[in-house]
Amino acid sequence: MKTATMQAPSRTIRIALIGNPNTGKSTIFNNLTGLRQKTGNYPGVTVSRKIGTMKIGDVSAELIDLPGAYSLSAHSPDERVVIDVLNGRFKEIGKPNYVLFVADAANLRRNLFLASQVATLKIPMVLILNQWDAVAPSGQQIDLNLLKGRLNIPVIPAIGTKDKGSTEIKKAVESLMEEPKFLPEIRWPESMHLALDHLNASLAIEDKDFLSDSETHRLLFDTHSAEIQRLKVSPEEATKEVSTARGFLRKDGMNPLVAEAMLHYRHIDGLIGGVVLKDAKLAHGATESIDRLLLHRGWGLAAFIAMMYVVFQAVYSWAGPVMDVIEMGKVWTQNMTGPALDGTPMLQSLILDGVLEGVGAFLVFLPQILILFAFISFLEDSGYMARAAFIMDKLFSWCGLNGKSFVPLLSSYACAIPGIMATRTIEDPKSRLATIFVSPFMSCSARLPVYILCIGAFIEPVYGPWWAGFTLFMMHFVGLAIAVPTAWVVTRFILKTKSQPFVMELPKYRTPRLKDVGFRMWEAGWEFVKKAGTIIFFITIIIWATLYFPRTDDQSDELLATFVAEKVAQKIRSEAEIMSALENPDSELSHELNLLLGSNQINQSYMGRLGKVVQPIFAPAGFDWRISIGVLASYPAREVIISTLGIIYSLGGDVDEEAGSLRDALKNSEWQEGELKGMPIYTVPVVIGLMVFFALCSQCGATTSIIIKEAGLKWAVWSFVYMTTLAWLGAVLCYQIGTRFF
Amino acid sequence: MENLLSLKLGQLARVKDIRTENHIDQRILSLGIGKDVQLKVCKIAPLGDPIAVEVDGAQIVLRKSEAEGILVEPV
């Protein structure tokens with residue numbers, strides 16, 4: 001019988017992976033879990049959550065990759081998540097059963113500060129000494145046996161980038177499951193016990209489910225601890241009791257605000273005394289030599305600009321061939337499915353002109369996303385990203401941002417959503433809000449389709465590849481040029497709180513591992529593809545429907561008659577000749593008639609009518625009603641304009657499936673009425689204006705929602721109004737000034 | 001007493017006191033810069049600010065305005 005052989009439900013354990021930033025934590029995470037990863041958000045906050053699964057013996061384990069932190073004292077939302085997860089504050093994750101603590105082996109003392117704080121949570125721990133191969137080159141020696149004896153927990157030297165140590169780490173967790181072991185806890189002085197007892201009694205936190213020891217420590221030591229919100233008493237009363245408790249420390253001759261670090265470091269020095277041997281002269285080697293060049297006054301700046309330029313050139317030019325392949329795949333699918341649907345014209349149009357055209361036009365940009373994320377991951381993993389922040393801080397600080405704004409802003413070049421999420425590493429709330437506000441100005445990858453299309457169709461063929469690359473570079477610069485003064489105004493006149501410090505670590509240079517770069521690309525690419533299957537798919541169908549209905553088939557006989565009468569009137573051919581030419585679907589006349597029927601359909605469709613209503617608003621920018629529709633339809637997401645234009649031109653019959661591309665359709669499109677009749681719609685000023693519009697506009701529902709989440713509704717509304725106004729102004733200026741020169 | 005900014009590039013010094021605002025104290029301390037710790041200024045950003053100090057083999061970036069509050073004694 002089956003039930004007899006059924007296994008007992010296997011046990012699941014939760015393991016938290018924790019450590020300072022730049023310790024190679026993600027590398028260890030990737031090694032342990034492989035592709036078995038799930039990403040998402042922590043409920044209520046938008047700190048990104050990464051949970052992977054792995055097998056330890058026959059036990060399945062959930063590994064929670066916590067954000068890098070230097071201390072449990074939470075200065076930023078990222079750090080807040082660390083202490084909250086460790087205390088089991090997120091119900092659906094639950095309190096971890098074990099802690100894997102990843103330390104940078106070459107910087108043991110500093111790394112153990114956080115470990116010593118974590119030890120107060122009384123969770124069995126494994127200490128991973130990562131980047132073990134960097135210990136000797138840094139002029140240090142670690143007496144591993146002595147350390148193991150002192151710490152009383154499994155200590156595993158590891159080299160994450162070479163996948164060394166993974167087996168030992170799993171074995172260490174297995175040994176903890178048999179016999180839990182704890183990092184020796186700090187022994188507090190008597191005054192500290194008095195202070196804690198006072199807090200426990202006065203704030204009714206004896207009930208340990210209410211506030212853990214580690215949380216009570218935060219209350220006592222931190223200036224503005226968020227733990228105060230968990231108390232049942234009012235913040236005023238709590239502040240009073242905390243200050244009484246701090247009195248015990250003061251009486252003992254300690255400054256309460258620095259006492260914690262002092263005591264923990266004293267504890268650590270006791271634990272690792274004699275463990276780390278240092279050469280009198282610290283060897284630095286490669287990192288110092290590289291920095292002498294990359295942080296050099298002249299060369300360093302030049303290298304920085306060159307590197308950013310290479311990134312954008314690569315994103316533009318390397319992706320080309322792959323994009324062609326995707327484009328071909330789309331056309332092939334259309335040709336294959338088309339005949340099968342001949343009997344049902346509406347379904348045929350929905351699939352070919354709607355879904356395949358719209359989603360295909362979106363998916364074409366996948367290669368670019370992948371290339372950009374490859375670069376971001378490479379720069380981060382190599383250690384250069386921190387240098388970039390170091391170099392850029394001065395430029396950012398005058399306008400109220402700081403060097404740490406650089407990473408969110410650079411990430412925003414890929415997508416404002418991870419960028420805005422990355423602002424959580426900025427402790428200073430003022431810099432953080434300003435960074436959030438200007439992040440959407442960075443030229444995200446969703447704008448790239450618009451740039452690529454416009455540049456590829458109108459700049460490159462006329463002015464050559466050099467100007468094409470330059471235009472792309474400049475488009476990425478426009479947003480930045482607007483963002484900097486915006487940040488200045490925001491931090492100077494709108495947010496009037498005091499600025500906070502800029503403190504961070506410069507990690508040693510490391511060779512990034514392709515596997516980790518691959519993981520980042522896979523993650524970003526998958527997010528993008530998921531978007532294609534959901535929001536883009538959905539919008540595509542709506543846009544198709546508003547263009548497909550109401551049908552004008554009943555007018556086709558009438559149009560045919562007019563068409564034939566016109567041709568006869570031109571006296572080139574007889575009516576019989578015309579009719580026989582129309583029998584042949586490949587004839588020039590048939591093609592002309594189809595164009596007429598198609599554009600009549602678009603003209604009369606719901607979307608066409610709407611486009612003509614709003615077109616006057618965009619007329620000063622030289623946009624026709626089709627571009628206006630594209631602008632409207634792309635409010636949920638910028639890249640939708642591409643699929644919208646694709647559908648418009650495809651439904652309109654302008655796109656010749658053999659020649660295949662939207663690019664040619666745009667080149668051939670002309671004004672059909674008004675004083676510009678017969679002139680091309682897409683002139684250089686219109687094209688530049690269109691790109692500037694998309695560079696500055698707020699066409700992204702996801703960004704708006706993330707701003708609401710991170711900064712509140714007020715900021716989101718401001719951001720939307722401000723960006724939309726600037727976008728319109730930018731496009732109008734380009735057109736009005738541009739038409740005087742071109 | 002001298003502060004960090006009066007040190008020459010690469011000159012070794014010992015921290016005597018930290019007189020910055022409270023939350024900065026905590027941040028700097030968690031990065032290992034505390035009383036009696038030995039450090040040196042190891043890098044200056046290409047634009048002149050911020051600077052990086054080396055402590056315990058790690059390099060920590062500080063703005064000049066914050067480095068001013070770290071009082072040191074050359075060793």
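**Interfaces of chain A in a predicted model**

Colleague: How many salt bridges does the rule find across the interface of chain A and chain B?

Modeller: This is a predicted model, in which local features need pLDDT of at least 70, side-chain atom pairs count only at pLDDT 80 or more, and totals for chains, interfaces and linings use all residues. Residues are numbered from 1 along each chain as its sequence is written, chains are lettered from A and ligands numbered from 1 in the order in which they are written, and side-chain values use heavy atoms, with hydrogens and water left out. A salt bridge is a side-chain nitrogen of Lys or Arg within 4 Å of a carboxyl oxygen of Asp or Glu. One pair, A:Asp393 with B:Arg63, has an N to O distance of 2.8 Å, and across the interface of chain A and chain B the rule finds six salt bridges.

Colleague: Which element gives the largest share of the side of chain A that touches chain B?

Modeller: Helices and strands are DSSP runs numbered from the N terminus, helices being H or I of at least four residues and strands E of at least two. Those supplying at least two residues each include helix H4 (108-119), helix H16 (384-397) and strand E10 (503-506) of chain A. The largest share, seven residues, comes from H16(A).

Colleague: Which strand of chain B is joined to E10(A)?

Modeller: Strands pair if DSSP finds at least two bridges between them. Here four bridges are found, and the strands run antiparallel. A:Leu506 stands opposite B:Gln59, and the partner of E10(A) is strand E5 (residues 58-62) of chain B.

Colleague: What area is buried between domain 1 of chain A and domain 2 of chain A?

Modeller: The domain bounds, from an automatic or database domain assignment, are 12-178 for domain 1 and 190-278 for domain 2. Contact (heavy atoms within 4.5 Å) involves 27 residues of domain 1 of chain A and 29 residues of domain 2 of chain A. Buried area is the accessible area (1.4 Å probe) that two parts lose on being put together, summed over both. Carbon and sulfur atoms give 54% of the area between these domains, which is about 2,300 Å².

Colleague: How many salt bridges are counted between domain 1 of chain A and domain 2 of chain A?

Modeller: A:Asp213 forms a salt bridge with A:Lys122, the closest N and O atoms lying 3.9 Å apart. Between domain 1 of chain A and domain 2 of chain A, the count of salt bridges is three.
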